Amino acid sequence: MLDNRFEFCGYDLIEDFSGISAILNCGGFDKAFLSSDLSFRGLVTSFERAREVQEKLLIEYPDESHADCEI
(Lines give C-alpha, C1' and ligand atoms only; values in the text may rest on other atoms or scores of the structure.)
Protein backbone atom coordinates (compact mmCIF):
# COMPACT_ATOMS: atom_id res chain seq x y z
CA MET A 1 0.00 0.00 0.00
CA LEU A 2 1.36 3.42 -0.89
CA ASP A 3 1.54 6.16 1.69
CA ASN A 4 0.43 9.43 0.10
CA ARG A 5 2.50 11.44 2.59
CA PHE A 6 5.58 10.52 0.56
CA GLU A 7 6.63 11.19 -3.01
CA PHE A 8 8.86 8.79 -4.93
CA CYS A 9 11.99 10.72 -5.88
CA GLY A 10 14.28 8.13 -7.47
CA TYR A 11 16.79 5.39 -6.80
CA ASP A 12 19.99 5.48 -4.79
CA LEU A 13 22.84 2.98 -4.87
CA ILE A 14 23.92 2.07 -1.36
CA GLU A 15 27.34 0.57 -0.72
CA ASP A 16 26.93 -2.81 0.98
CA PHE A 17 29.53 -2.57 3.73
CA SER A 18 29.09 0.95 5.09
CA GLY A 19 25.53 1.74 3.99
CA ILE A 20 26.50 5.03 2.35
CA SER A 21 25.38 6.27 -1.04
CA ALA A 22 27.77 5.29 -3.82
CA ILE A 23 26.41 8.08 -6.03
CA LEU A 24 26.47 10.91 -3.49
CA ASN A 25 29.16 10.11 -0.92
CA CYS A 26 31.96 8.37 -2.78
CA GLY A 27 33.42 10.96 -5.11
CA GLY A 28 33.03 10.34 -8.83
CA PHE A 29 32.55 7.22 -10.89
CA ASP A 30 32.66 8.85 -14.32
CA LYS A 31 32.85 5.51 -16.15
CA ALA A 32 29.53 4.42 -14.61
CA PHE A 33 27.49 7.63 -14.45
CA LEU A 34 27.76 11.40 -14.70
CA SER A 35 26.17 14.05 -12.52
CA SER A 36 23.91 14.85 -15.48
CA ASP A 37 22.44 11.33 -15.11
CA LEU A 38 21.04 12.28 -11.70
CA SER A 39 17.93 14.21 -10.79
CA PHE A 40 18.15 17.53 -8.95
CA ARG A 41 17.81 15.46 -5.76
CA GLY A 42 20.89 13.43 -6.67
CA LEU A 43 19.04 10.23 -7.50
CA VAL A 44 18.74 8.01 -10.55
CA THR A 45 15.23 8.48 -11.95
CA SER A 46 14.57 5.06 -13.52
CA PHE A 47 15.08 1.55 -12.18
CA GLU A 48 16.57 0.45 -15.51
CA ARG A 49 19.24 3.16 -15.37
CA ALA A 50 19.95 2.34 -11.72
CA ARG A 51 20.59 -1.31 -12.74
CA GLU A 52 22.92 -0.14 -15.54
CA VAL A 53 24.88 2.03 -13.11
CA GLN A 54 25.03 -0.81 -10.58
CA GLU A 55 26.47 -3.17 -13.21
CA LYS A 56 28.90 -0.59 -14.62
CA LEU A 57 30.25 0.21 -11.16
CA LEU A 58 31.29 -3.42 -10.68
CA ILE A 59 32.72 -3.72 -14.20
CA GLU A 60 34.60 -0.42 -14.33
CA TYR A 61 35.72 -0.29 -10.67
CA PRO A 62 36.27 -3.91 -9.59
CA ASP A 63 38.77 -2.99 -6.85
CA GLU A 64 36.68 -0.17 -5.36
CA SER A 65 34.72 -1.31 -2.29
CA HIS A 66 32.10 1.42 -2.79
CA ALA A 67 31.24 0.00 -6.21
CA ASP A 68 29.59 -3.07 -4.64
CA CYS A 69 26.16 -1.62 -3.94
CA GLU A 70 22.45 -2.29 -3.86
CA ILE A 71 19.63 -0.25 -5.36
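Helices (H or I, at least four residues) and strands (E, at least two) are DSSP runs, numbered from the N terminus. This is a predicted model, in which local features need pLDDT of at least 70, side-chain atom pairs count only at pLDDT 80 or more, and totals for chains, interfaces and linings use all residues. Residues are numbered from 1 along each chain as its sequence is written, and side-chain values use heavy atoms, with hydrogens and water left out.

**Stop 1: Phe8**

Phe8 and His66 are 58 residues apart along the chain. Their C-alpha atoms are separated by 24 Å.

**Stop 2: the whole chain**

Zoom out and show the cartoon. You will find one helix and two strands. In sequence order the pattern is β-α-β. The C-alpha atoms fill a box of roughly 40 × 25 × 20 Å, taken along the principal axes.

The radius of gyration, taken over C-alpha atoms, is 12 Å.

Colour by accessibility next. Of the 71 residues in the chain, 31% are buried. Then turn to contacts (heavy atoms within 4.5 Å). Among those between residues at least 6 apart in sequence, 57% join residues at least 24 apart.

**Stop 3: the nonpolar core**

A nonpolar core is a set of buried Ala, Val, Leu, Ile, Met, Phe, Trp, Tyr and Cys residues joined through side-chain atoms within 4.5 Å. The largest one here has 14 residues. Select Leu13, Phe33 and Leu57, which touch the most other members. Helix α1 (residues 47-60) gives the most to this core, with three residues. In soluble globular proteins, nonpolar side chains tend to be buried together.

**Stop 4: Leu57**

Stay on Leu57, which is found in helix α1. Its relative accessible area is 0%, so Leu57 is buried. What surrounds Leu57, leaving aside its neighbours within four places in sequence? Show Leu13, Phe29, Ala32, Pro62, Ala67 and Cys69: Leu57 is in contact with each of these. Now pick Asp30. Leu57 and Asp30 are 27 residues apart along the chain, and their C-alpha atoms are separated by 9.5 Å.

**Stop 5: helix α1**

Select Ala50, Val53, Gln54 and Leu57, which are buried in α1. Look down the helix axis: the buried residues fall within an arc of 100°, so they line one face of α1. The arc is that of the directions from the helix axis to the C-beta atoms. What covers these buried residues includes β2 (69-70).

**Stop 6: salt bridges**

How many salt bridges does a search of the whole structure find? It finds four. A salt bridge is a side-chain nitrogen of Lys or Arg within 4 Å of a carboxyl oxygen of Asp or Glu.

Start with Arg5 and Asp3. Their closest N and O atoms are 2.5 Å apart. Arg5 counts as exposed, at 64% relative accessibility. Asp3 counts as partly exposed, at 31%.

Move to Arg49 and Asp37, a salt bridge whose closest N and O atoms are 3.1 Å apart. Arg49 lies in helix α1 and Asp37 in the loop between β1 and α1, so the pair ties together parts that are twelve residues apart in sequence. Asp37 is partly exposed, with a relative accessible area of 28%.

Finish on Glu52, whose side chain meets that of Arg49 in a salt bridge (3.0 Å, N to O). Glu52 and Arg49 are separated by about one helical turn, because they are three residues apart in α1. Glu52 counts as partly exposed, at 41% relative accessibility. Select Asp37, Arg49 and Glu52 together: salt bridges that share partners join them into one network.

Terms used. Buried means under 20% relative accessible area, exposed over 50%, partly exposed in between (1.4 Å probe, protein chains only). The radius of gyration is taken over C-alpha atoms; the globule rule is 2.2 Å times the number of residues to the power 0.38.
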